[in-house]
Structures are given as structure tokens and as C-alpha cells.
Amino acid sequence: MKLNNNIIEIKGIGEKTTALFAKLNIYTINDLIHTMPRNYLSYNAPIDICDIEIEQRCAIFGTISSYIETKNVRNFKLTTCSVKDGTGTIRLNWFNSPYLKNVFHKGERYIFVGTVKYKNNMMVMDMPEYYRQDVYQNMLKEMQPVYSLTEGLSNKVFQKSIIKCMDVFNQLDDFLTEDLRQKYNLMPVCEAFKNIHFPSDEETLKEAIKRIAFDEFYKFIVDMDDFKNDNNKLENNHRITQGKNVMNFIDELPFKLTKGQSEAIEDVLADMGSEGVMNRLIQGDVGSGKTVVAEACLFACAMEGYQGALMAPTEVLAKQHFAEIEPLFNKYGIKTACLVGSTSLKEKRHIYEMLKNKEIDVIVGTHAIIEDKVVFNDLGLVVTDEQHRFGVNQRKKIASKGNSPHVLVMSATPIPRTLAMIMYADLDISVISEMPKGRKPIKNCVVGTDYRNTAYRFIKSQVELGNQAYVICPMVDESDTMDLSNVVEYTDMLQSALGNEVKVSMLHGQMKASEKNEIMEKYLRKEIDVLVSTTVIEVGINNPNSTVMMVENAERFGLATLHQLRGRVGRGSKQSYCIFICTKRNSDSLERLKVLENSNDGFYIASEDLKLRGPGDFWGIRQSGDVLFRIADIYNHADMLRLAQDIYQKYGNLISDYEEYNKINKNIDLLSKPVL
Ligand code: ADP
Ligand code: MG
């Protein structure tokens, strides 16, 4: 067998399974090998049903004591049965798996593994895995990879398919010579992939992950360097010297700038007035006031007579920026416009026309402003907000709309300076390290699930005061259907807990962008009191009326993500609160979350998160939903990032056939992807 063989050539894989793999974009053996498990589980001995702890993962060994029933619930099929073991009874639920009716029968004994919840006064295990006793015996204490699946394709089939490809792993090419691997203590690529799928022990698995992380960083650095050479040292075609006017602009603001803001504005003005083009990153924690730096910069550009563009990752954020900028700039006769995906075609055409004729000085918008149809008259400056949501190529694309315009990017991602210098190698960096004065520090608490009802009462009392709240719903990633049913169920439950006078709405990943926008806008207009959502849907949103952020399953998020979520509240003068519900009772999770309770400093939090990683956190906890690298994590593998940089500086590009390398490694175009 060869890497590029179709998976149908693997023994035991038929057309049906091939079609299922295709849904996961797995067509060849190479694809299969390069599909990383999303987690590893170890299996423990079964416990008695009477000893089950709610919301903890466990195994039970019991007898199926009811008939297997399948019924339609909302838009999915629910298959359920009861299981008892002499110490108690629990209910098992599976979603969209009606075939199980033919797998299980009343009276049979199985080991069921899953997380138990309490629903309608019953202990329920959703989507449990099931094993015969002899099979389970062999799995005890072994580390089992868990793959992302699709309906009808089980983890078992996935694993078996890879086992049959064992011989093919040796065909994976290694761009590091054995000498280099030994010198820098890196595992061979084929060993690394073998261990990813069949870990022999934790230590070896960690080494395997490190090697793959190294490769990802190295490839990124190679690409980045190409980009940097193309991009930097460009001549400044837009000399902007508006120091005096900018001073006036700042004096008119309703607040005094912080030291960090002033310095950032000085850096930016110096850049734009210099020989070379500006390529600068403004890094500042959520709420540190980056927008005003962007505004000062756009203002200077417009006053000098050039056009400027501000690009935000979402419509809601773009519209918010526009609402703030328009009146500010209007006073000086600077003409502004807002261009987003949902802008009407007629309006869009009008804006294109005006941009071309220089009847608009500053355009604020989303990706809509980098569409091909958009032509500027003389674009002097491009600002991208929340840079971690954009890739380098998007930045390049908008920059290409002018004659090498200045580029300013803003990011709230707390990453240490040395790492930022590698990740953003093409940019100079200004850091805003302090918060504006007069903010009331957010009150935090980390609590167990027994605190939920108290939290609901608290949210209700805040709503009665006219405030709003966000609730981040428990995340279940076993299957999409389940995730959705979970938000729906949770929202219903929350609505009944809060009562009908409180308006509760939900946002989830499977909604259309237009639906999401509509809900976000309703929330901003206060037509919704409590917003339930699955993950971090909107970065950068400013709704100073939100005073509560409640996060369910807080232990599942990286601290930096939780800190970003927390940044959604405490943005006005009102006292704000964060409630982190921790469902795991082990002390590690609690200790990690306590860091949040004790600090509001994003940089500190991200670095503590690293130190407190538990021994089982192989992948690290993803710091955000946007993942640039498949495996590498800036925080977790900082040493590999530095090593990749080192080796690149010493030996240059070691990847001989670059295209082939990308193909084999299924490399995503890193420069098109967001950074974190
Ligand atoms: P972020 O850095 O997260 O983008 P914003 O620019 O949205 O932060 O600023 C958050 C809030 O703080 C805004 O309401 C803004 O008007 C306000 N703000 C910014 N700078 C100052 C300052 N120096 N003093 C007081 N308030 C400020
Ligand atoms: Mg912002």
C-alpha cells in the first residue's frame, strides 16, 4: 500500500465506510494518517451505579433492564434504555443512532462509559460508549485516541482502519536529517505519527506531539519569511505628518489617554511620517482602548488627504466601530461609510463608486471591503481589528488595494513579546499594558454546579435592574446534533428558571450568519436580556450594559479564552460579575480557574495557564476556536516555536520539495488562516 492509495484499498473498508470517511475529508491513506485524534481517553474499572458522581465521566457494568426504544424528539431520533447493576438504575440515551435497537437486547450485559447527568430526577448517560467485558478488560489503563466522527462512523472503525495502515507510516518523509534530529532531540516524523495514533505511553506521546508541533511552526516560519521579504522595506508613498491635528483630535475626546495609548499613537505617527511603510501591531488586553489608536491613525491619514480602511471580523463589530467613528470624523469634514456583507446591492454599488471617486475618506467594514469590486482612489492606510481572526493573506489582499498603504493591526491575544516577534515577524509591535482609569474591577467567582440556582437568581436580579447577561452554555462535542440539542435544552431550562418576564435567546454555531447578526443586534438594542451561546461568538463586542458573564463547564476552556469572555463585561461604569461554573471537582481544574479569580491581567493569566497544565492535557486547551495549527499551540509549545526559529536561522529552508511537502502534510495555507 502507498500513502496516496484510496482508503477503499484498506482491507475491510467498503464503499459505505469510504463514503463516511469522505464526509470527514478523508480520501487517501495519507489523509487518514494525518487526521489527528481530538483527545485521548484512559479507561478505568467500572464503578457501582450508586457511587456515580454527577457530571463525572465513569464506566459502569450493568444489565439492560428495559426494551430498547426509539422515538422522535424535536428533529432527532432518541434511542433509550435502562441499565441496572444491583446498586441502582440509570437511563442511557443515544441521538440519531436507531440501529442500536439491533445491537442491544434486554438482559444483555455491557460496560457503558460516559458522563452522567441528572435530568427529570433521573441519572442519564448521553451517548455512552459500550463495550463487551472482555474487550474492555484489554483497554483498561491504555490510552485510547478519540477521533472526530460523523454519524454512522464509530471510533472503533476509525481505529481499526488506521491499524491496517501500520506499514505505510514508514513512507512518511522527514526533512530533518538524523544528525539534526539527534542534536535537537526530535523524534522521526514516522515515529511521531505512529505514536499519535497508537501512543505507547504519555511521555512518548508528548514527544510525538512536540515533533509535529515543531514541523508546523517551522513551515509557518518558512512561509512567513517569504512574506516578510516581499512586504517589508517598501518605500513610503504616503507620508503622513499630522501630529498637531491629531493632538487636537485627542483633546476633543471625552477621556484622557492612558500612557500606553499615547505611546502607541506616537509610534504610529512616527512610522507614517518615516521613509518606510508602517507595518505595526498594537497589542493590548481586552478593554485597554485600542480603538482610539486606530481612530487617531485613520484621522491622520484622512487629514493628509489619503483614504483609510478599518476592517473588523464581524458585521456587528464593524457597525459598532462605524457608529463611533462617524460622528467623531464628521466634525472635521471627513466622509465615512460602512460596508458589510448585508449592505444592499444598491448601497454597495454607490459606495464602490464613491470610493473610486474619493468621495469617501474612511471606510469601515468586514471582509466586504476586500472584495475584488472594491477599488480605492488612493488607499493610504489599512487597519485590521482583532487581527487573530484574520490571516496574513487577507491583510496582504487589502494592502494590495493601494500603492503599498500603511498597515496597522490590533490584537488582544495575550502572547509574550518574544513569541509575538516570531509569530508576527513582519510587524513592529506596540503594547498597551494598562487599563483606562476608573474601571470597576470585575467581581469573579469560581463555583461548583450546586451554585447554579443562586447564579440564576443573581442574573434575574441584575436583569430587574435593567442590565443584561451572557451565559456560555455547556459544550459537548461528541456530535453536532447533540451540541445543538444541548443549547436548545439549556435555553429552555434557563428560560423556565428565570421566568417569562426575562427574555432569553440563544446563539449557536449552526445558525446562519444573518440569524446570528440579527440576534446580536437585538441584544445590543436590549430586546434580549440574557443571551445563551455555545462558544465565543463575537469578539470585540462592546455592550456596556452587560454586567454578568456566566460560563458553564468553565474548566473546558483555556484561561486566555475565559479571560476574553470576561472582557465582554465590565466595559462601562457598572459593576460587573463573572461566574465560572466548574463541573469537574478535581483540585487541578479549580486551581487553574482560581487564577482568573485572582487576576485580571491577560498576560499573567496566559502564562499561569501554561504552568498549570495537567499531565493529561496533551493537546493543551485550545486558546480559541480559531486554530491556525493542527497541533501546535503557541503557549504549550513555545519551546518548539523558538527551536523552529533557531533551526531556520541556522540552516534555512530544509524542505526540499515544498509543494510535495504541503501535499503530503495536507498543509492548510497557514498564511490564510487566523493566527490563534
Ligand atoms: P479594546 O482595546 O478592547 O478594543 P475599546 O477600544 O473598545 O477596547 O475600549 C473600551 C472602552 O473604553 C470604550 O468604551 C472606550 O470608549 C473606553 N476608553 C478607551 N480609552 C479610554 C481612556 N483612556 N479612558 C477612559 N475610557 C477609555
Ligand atoms: Mg476592540
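Visitor: Which strand is Thr 547 in?
Guide: Thr 547 belongs to strand E21, which covers residues 546–551. Keep in mind that this is a predicted model.

Visitor: Okay, and why does Thr 547 count as buried?
Guide: Because its relative accessibility is 0%, and buried means under 20%.

Visitor: Which side chain does the side chain of Thr 547 make a polar contact with?
Guide: That would be the side chain of Gln 462, at 2.7 Å.

Visitor: Let's switch to ligand 1. Which residues come nearest to it?
Guide: There are 16 residues around ligand 1, and the nearest are Lys 256, Gly 287, Lys 290, Thr 291 and Arg 439.

Visitor: How do the residues of that shell divide up?
Guide: Around ligand 1 you get 4 nonpolar, 7 polar and 5 charged residues.

Visitor: What lies 2.6 Å from an oxygen atom of ligand 1?
Guide: A polar backbone atom of Gly 287. There's also a polar side-chain atom of Gln 261, which lies 2.9 Å from a nitrogen atom of the ligand.

Visitor: And how much of ligand 1 does the protein bury?
Guide: The protein buries 82% of the 570 Å² that ligand 1 exposes when taken alone. The space the ligand takes is the second largest pocket.

Key:
Residues numbered from 1 in each chain as written. Chains lettered and ligands numbered in written order. Predicted model: local features only at pLDDT ≥ 70, side-chain atom pairs only at ≥ 80, totals over all residues. Heavy atoms only, no water. Near = heavy atom within 4 Å. Polar contact = N/O pair within 3.5 Å; in protein donor to acceptor, adjacent residues only side chain to side chain. Areas by Shrake-Rupley, 256 points an atom, 1.4 Å probe, with all protein chains shown as cover. 1 Å grid on protein atoms, 1.4 Å probe; cavity = no way out; pocket = protein on both sides within 12 Å on 5 of 7 lines; lining within 4 Å. Sits in = over half its atoms within 2 Å of the grid points. Nonpolar A, V, L, I, M, F, W, Y, C, P; charged D, E, K, R; others polar. Helix = DSSP H or I, 4+ residues; strand = E, 2+ residues; numbered from the N terminus. Buried < 20%, exposed > 50% of the residue type's maximum accessible area, 1.4 Å probe, protein only.
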